Amino acid sequence: MEIKDNSRREFIAAGLLAGLALAGCSTKKNPFETDTLEEVKPSGVMVKLLSVDGKVIEVDKAFLKPVPELPAIPNDIARKGIAGKKFVMVIDLSRCKSLKKCQAACNHMHHIHPGQNWIKVYPMQDAEHTAPYWEPTTCMHCDEPPCVKVCPVDATFKRQDGIVLIDSDRCIGCRFCMAACPYSSRVFNWEDPGVPEDIAKQPYSCETSVPQKKGTVGKCDFCPDMARKGELPHCVSACPNGVFAFGDMLEDTVTNGSETFRFSDLIRDKAGYRLMEDLGTKPSVYYLPPVNRNFPFENNEGKEEGKHS
Amino acid sequence: MKDSAIQKITEDLLPQKFGKQGKIWVAFLSVLCIIGFIAYCRQLSKGLVVTGMRDYVSWGIYISNFVFFVAISLVGSLITAVLRLTNAEWSTPLTRIAEIIAVSAITFASLIIIVDMGRPDRFYNLFIHGRLQSPIIWDVIVITTYFFISLLLLYFPLLPDLQILLRFKERTNKRLYWLYGFLGSFWKDTPQQIKISRRAVNILSITIIPVAFSIHTVTSWLFATTYRPGWDSTNFGAYFISGAFLVGAGAVIVAMYVFRSHYNLERYITYSHFDKMGKILVMLALLYLYFNVNEFLVPAFKMKKSEEDHLMGLFTGEFAPVFWFAICTAMIIPILILVNRKGRRPLPAFIAGLLVVVGSWFKRYLIVTPTLLHPFLPMHDVPESYKHYFPTWEEWAIAIGSLAGAMLIITIFARIFPIIPIHETITETEQHEKE
């Protein structure tokens with residue numbers, strides 16, 4: 001909840017300052033000055049606003065200029081993460097039928113190079129006589145991240161809220177992190193990722209991982225920009241079956257958008273586990289075993305993959 | 001010792017102009033370098049997409065070539081330091097050959113690692129944002145140190161020879177004469193200078209041994225510090241070092257043979273040198289074979305699930321031909337050739353050395369690539385081409401270009417400087433005569 005308040009306050013403050021600038025109470029060097037300095041006529045409708053120093057003030061509505069998107073968090077703040085949070089994800093294997101809506105949403109929102117995926121949905125069968133199941137994987141956002149350990153330039157880093165991110169403006173493309181990651185969750189931009197021009201022009205943000213850049217590594221980022229807005233990662237909200245639940249371990253709550261669970265109860269009752277526990281990487285992604293499934297396992301991927309190649 | 005004898009040695013060992021063969025050789029290497037450079041320009045403009053590497057095999061022949069170069073450069077420390085400190089005087093004529101191989105190999109090791117980077121334009125980040133926790137930074141530190149120590153070990157013993165070169169002004173052209181003067185005119189052969197130089201070489205010979213062990217141990221740790229089957233091994237440091245000494249010694253034998261026959265150095269690089277180097281090579285090959293048995297037999301005995309695909313791929317699967325080729329050419333055949341006294345004559349020893357070098361190059365490829373094709377989670381949700389690796393022409397051109405570049409440095413060095421130390425040869429001959 002706190003996040004939302006903060007962002008609203010910033011929104012208001014930014015709008016207010018823009019409005020004041022338009023009203024002409026500042027010199028021409030004012031950074032908030034817009035290119036087209038139009039005459040603004042007071043509309044007579046007053047709006048109550050919270051000023052930067054916490055006072056409620058009234059401003060004419062006409063002086064306010066809406067800011068379309070909040071500017072991205074600066075990368076030095078993005079490196080620190082959100083205080084008092086420990087993000088976790090729970091993936092319920094009994095609900096997955098490999099619709100790959102998660103993957104499509106993720107690819108779309110992060111403008112990933114076509115053919116590459118940050119979320120992979122594996123057809124798994126642990127042994128000859130065990131049951132097959134679908135296993136979606138994201139970055140595990142390990143608490144002992146092997147990728148962070150090996151990065152020579154601190155381009156991939158672990159934040160206080162548990163998220164592991166990449167600074168694509170710093171990455172030198174040595175790919176040691178890819179060799180180190182046992183979950184194969186990292187992908188490399190072997191060529192220009194083909195990001196639309198207007199987005200490619202934006203400065204890179206560690207929190208949105210956009211725009212991806214040639215010669216650097218990319219991976220699932222747990223969408224911390226969405227968390228700052230108080231919203232769920234794109235994969236979570238895209239999944240129609242509620243496979244993914246995302247939340248804060250310190251609040252002991254995870255949600256898939258329609259259902260909310262107490263994290264510890266969910267893990268205890270459904271015997272949650274993490275992947276490759278024996279490696280000691282301590283992932284932040286938990287899995288619920290594929291029991292009492294919603295769907296039978298049907299693998300039609302062979303044909304589909306043929307199309308891709 | 002008679003002046004005529006000294007003159008004979010000097011005459012024999014002074015650098016000679018390239019003959020027809022030499023010119024063709026230099027031109028050939030230069031063409032390879034240029035093709036490699038063109039390929040690299042393509043890679044710079046299009047990105048690493050011009051290579052065969054993809055998300056699973058994210059390290060290919062660039063990295064195996066890097067490991068190969070680091071390995072071969074270790075010979076500098078073996079011949080100059082280990083043999084010097086054990087008073088193996090016979091190795092004197094080989095020191096400079098070994099040291100120039102070390103310097104040129106380590107130079108190209110650094111270059112090839114830049115070639116492998118996705119963003120070579122951000123190379124400086126290693127210095128401004130370097131994290132000491134990362135094995136890559138360890139590698140940067142020790143390789144830089146090794147490069148400078150090797151360079152000094154090449155330079156200091158060269159000083160008295162530069163003095164000799166400066167005496168033969170009529171034998172050189174203006175620019176070379178200027179170079180000799182620039183590098184060595186301060187050397188006056190005073191007892192104090194000799195004393196300082198000798199001490200410096202002694203100190204460097206001792207320091208280079210731990211540094212040499214470090215460069216290749218750290219290089220092995222680039223792999224061994226990950227979880228992957230085939231790399232996750234405590235054997236890796238020793239396995240790499242023993243292999244490195246082997247390929248380096250092989251390369252020295254090859255270089256010895258080429259210089260000997262091309263520059264008519266039969267009096268200086270003798271049968272006895274090939275005999276001794278041959279014995280060393282047998283010992284090193286046996287040692288490397290021992291570490292290979294450790295590296296493959298122990299996991300193969302257990303056949304853990306995660307290792308199984310990787311190991312079977314090497315033993316009987318898609319990599320089996322290369323695997324057995326490498327084992328045979330880098331170890332078994334050279335051992336069989338060199339255990340016989342007749343096999344340690346120059347020509348067979350040269351062939352054995354060549355086999356070691358070629359086999360070792362493929363061995364490095366097998367260390368890097370097959371492991372990456374066997375990740376913990378199956379290869380999935382990627383384009384079909386991501387599931388295989390075969391180097392593209394650009395990769396081959398760059399890899400071959402870098403090998404050619406290293407040989408070009410060695411060739412040009414031998415054109416400019418005496419490849420066998422003149423001064424040391426004279427003093428040692430004098431000593432022998434006194435005895």
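**Entry 1. B:Tyr365**

I looked up B:Tyr365 and found it in helix H15 of chain B, residues 346–372. I take helices (H or I, at least four residues) and strands (E, at least two) as DSSP runs, numbered from the N terminus. The model is a predicted one, in which local features need pLDDT of at least 70 and side-chain atom pairs count only at pLDDT 80 or more, while totals for chains, interfaces and linings use all residues. Residues are numbered from 1 along each chain as its sequence is written, and chains are lettered from A and ligands numbered from 1 in the order in which they are written.

Is B:Tyr365 buried or exposed? I noted that B:Tyr365 is buried, because 22 other C-beta atoms lie within 10 Å. I call a residue buried if 20 or more other C-beta atoms lie within 10 Å of its own, exposed if 12 or fewer, and partly exposed in between, with C-beta atoms placed from the backbone.

I then checked contacts, which require the C-beta atoms of two residues, placed from the backbone, to lie within 7 Å. Apart from neighbours within four places in sequence, B:Tyr365 is in contact with B:Ile61 and B:Ser64.

**Entry 2. H15(B) and its partner H11(B)**

I next examined helix H11 of chain B, residues 236–262, which packs with H15(B) at about 140°, the axes being 8 Å apart. Axes here are lines fitted to C-alpha atoms, for helices over the stretch in contact, and angles run from 0 to 180 degrees between N-to-C directions. H11(B) and H15(B) are therefore oblique to each other. Angles under 35 degrees count as roughly parallel, over 145 as roughly antiparallel, 65 to 115 as roughly perpendicular and the rest as oblique.

I recorded a left-handed crossing of H11(B) past H15(B). A crossing is left-handed if the near helix is turned anticlockwise from the far one by less than a right angle, and right-handed if clockwise. Among the residues that meet, I listed B:Gly243, B:Gly250 and B:Tyr257 in H11(B) and B:Phe350, B:Gly353 and B:Lys363 in H15(B). By class, this contact of H11(B) with H15(B) has twelve nonpolar, four polar and two charged residues. I count Ala, Val, Leu, Ile, Met, Phe, Trp, Tyr, Cys and Pro as nonpolar, Asp, Glu, Lys and Arg as charged, and the others, Gly among them, as polar.

**Entry 3. H1(B) and H17(B)**

I compared helix H1 (residues 3–13) with helix H17 (residues 422–434), both of chain B, and found an angle of about 150° with axes 10 Å apart. That angle makes H1(B) roughly antiparallel to H17(B). H1(B) passes H17(B) in a right-handed crossing. The contact is made by B:Ile6, B:Ile9, B:Thr10 and B:Leu13 of H1(B) with B:Ile422, B:Thr425, B:Ile426 and B:Thr429 of H17(B). I sorted these residues into five nonpolar, three polar and no charged.

**Entry 4. B:Val115**

I located B:Val115 in helix H5 of chain B, residues 92–116. B:Val115 counts as buried because it has 24 C-beta neighbours inside 10 Å. Setting aside residues up to four places away in sequence, B:Val115 touches B:Tyr40, B:Tyr62 and B:Ile398.

**Entry 5. Positive phi in loops of chain B**

I found a positive phi of about 60° at B:Asn87, which is not a glycine. B:Asn87 sits in the loop between helix H4 (75–85) and H5 of chain B, and counts as exposed, with 7 C-beta neighbours inside 10 Å. I also found phi near 55° at B:Asp381, in the loop between H15 and helix H16 (393–416) of chain B. B:Asp381 is buried, with 22 other C-beta atoms within 10 Å.

**Entry 6. Chain A**

I turned to chain A, whose secondary structure comes to ten helices and 13 strands. Of its 309 residues, 41% are buried. In helix H3 of chain A, residues 101–110, the buried residues are A:Cys102, A:Gln103, A:Cys106 and A:His110. These lie on the same side of H3(A), because they cover an arc of only 95° around the axis, the arc being that of the directions from the helix axis to the C-beta atoms.

I noted a cis peptide bond from A:Val210 to A:Pro211, with omega near -5°.

**Entry 7. Where the chains meet**

How many residues of chain B are in contact with chain A? I recorded 36 residues of chain B against 40 residues of chain A. H7(B) gives the largest share of the side of chain B that touches chain A, three residues.
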